[in-house]
Amino acid sequence: MEKTPLFTNDAIVFGLLMIALGFVFYTSSKKEGFWKKFYSVVPALLMCYLLPAIFNSAGLIDDSTSQLYYVASRFMLPAALVLMTLSIDLKAIFNLGPKALIMFFAGTVGIIIGGPIAILIVSAISPETVGGVGPDAIWRGLSTIAGSWIGGGANQAAMLEIYEYNPDLYGGMVLVDIVVANLLMAGLLMGIGKSEQLDKWLKADNSAITQLKDRVSDYAASVTRNPQLSDYMIMLALAFGAVGIAHWGADGISSFLSNNFEVFNDSKSALSSFSSSFFWMITIATAIGIFLSFTPMKKYEGAGASKLGSIFIYILVATIGMKMDLGMVFDNPGLIGIGLIWMIIHVIFLFATAKIIKAPYFFLAVGSQANVGGAASAPVVAAAFHPSLATVGVLLAVFGYVVGTYGAILTTILMQIAAGS
């Protein structure tokens, strides 16, 4: 049964989210006492995500009755990417080397093998959980999760069309997708607070990441000034002007592809994800930010461009958090169990790969989120390490759109075999 939250007015909901963010930043700024000890264990970014989830679980708010996530992901996210990319050092990004790509594809392989292994494990304990015949076969439904976790929403829709899972049961798969993906993100954010210890265990060389952060920080320090009202207005003009261009370009490109090439309209085609306006919006916004980094506009980093972008990112984090109802974990324990086992295998494969190639936790976390979360949340995880790294999350997420449908088809074939169909 659908619940009706206490607050459905987005002005009130936004107020609650901002109070939650303000509370986290106020308490995390304490230099001594309980809060200092608390945030030494729980990262502040994780709390920005969990508090809205608690509000949702308590019935105060509900993402299904709100437009805030749409506003944050369509307006604030591309604006943040522009502001955070203004000071980017593109050469230093490329100097990060191949480990970022290796960890992304390790995450993809972890999902591909994780699905069938999860089915085999659960079938030994509860065969009926992974059963079903015809359109009701569980492996058909799980194909949509594979599409979402490797690519995104467009790839998920493609898998629903290709394998024709029963639409009446599809909501259960969406539930697994949301619950498990959000639990993963919470875990990744928790790990950020322990990244130094994890890097030491992984014996990782993060000198290239440190060098990139230092170069951006040094540049920001060299151009830092006391920002005036005109600076804020110009930065907002750059950011939201770029958002407007990105939406205009995205609508035009997606419409052109859909109207002129039938393959992009075929939801069963691997190319259908490229008709997604969200994909093109993020791509264009990032490209504008990179272009501006080669112009005098780059100096607005000294007036706080990345800090302004970070505000938008934290608002996005809060709206992502309000999607998570902690009580949903108990709604369908069998399917949730499959999803959790699947995700644990994904994480184990990532850690094993990182250990072998000595990749920093940054590459592990962003590689995982670029698969499972896509372009909406990969920059969030990347920016949690440093605002200058948000672009890395976007670039990796783009690969997810490219390989999403192909990877999901391979996963589904293996799951069908594991299910004995």
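Local features were taken at pLDDT of at least 70 and side-chain atom pairs only at pLDDT 80 or more, while totals for chains, interfaces and linings use all residues. Residues are numbered from 1 along each chain as its sequence is written, and side-chain values use heavy atoms, with hydrogens and water left out.

The protein has an average pLDDT of 84. This score is the predictor's confidence in each residue, from 0 to 100. A pLDDT of at least 70 is reached by 94% of the residues. Among the elements, helix α1 (residues 10-28) has the highest mean, 95. Helix α5 (residues 90-94) has the lowest, 69. Where pLDDT is low, predicted coordinates should not be read in detail. Helices here are DSSP runs of H or I with at least four residues, numbered from the N terminus.

Helix α4 covers residues 68-85. Its 18 residues should span 26 Å at 1.5 Å a residue. The expected span is 1.5 Å times one less than the number of residues. The end C-alpha atoms of α4 are 24 Å apart, which agrees. Helix α4 also has a kink of about 35° at Met-76, shortly before Pro-78. The bend is the angle between axes fitted to the seven residues ending at a residue and the seven starting there. Of the 18 residues in α4, 14 are buried. Buried means under 20% relative accessible area, exposed over 50%, and partly exposed in between, with a 1.4 Å probe and protein chains only.

Asn-182 sits in helix α9 (residues 170-192). Its relative accessibility is 9%, so Asn-182 is buried. Beyond its neighbours within four places in sequence, Asn-182 contacts Tyr-49, Ile-320 and Met-324. Contact means heavy atoms within 4.5 Å.

Leu-389 lies in the loop between α17 (378-385) and α18 (390-418). It is buried because its relative accessibility is 0%. Residues up to four places away aside, Leu-389 touches Ile-209, Leu-212, Lys-213, Phe-362 and Ala-382. Its C-alpha atom is separated by 32 Å from that of Ala-11, 378 residues away along the chain.

Two lysines have positive phi values. Lys-203, in the loop between α10 (195-202) and α11 (207-223), has phi near 55°. Lys-203 is exposed, at 59% relative accessible area. Lys-358, in the loop between α15 (333-357) and α16 (361-372), has phi near 60°. Lys-358 is partly exposed, at 43%. Most residues other than glycine have a negative phi.
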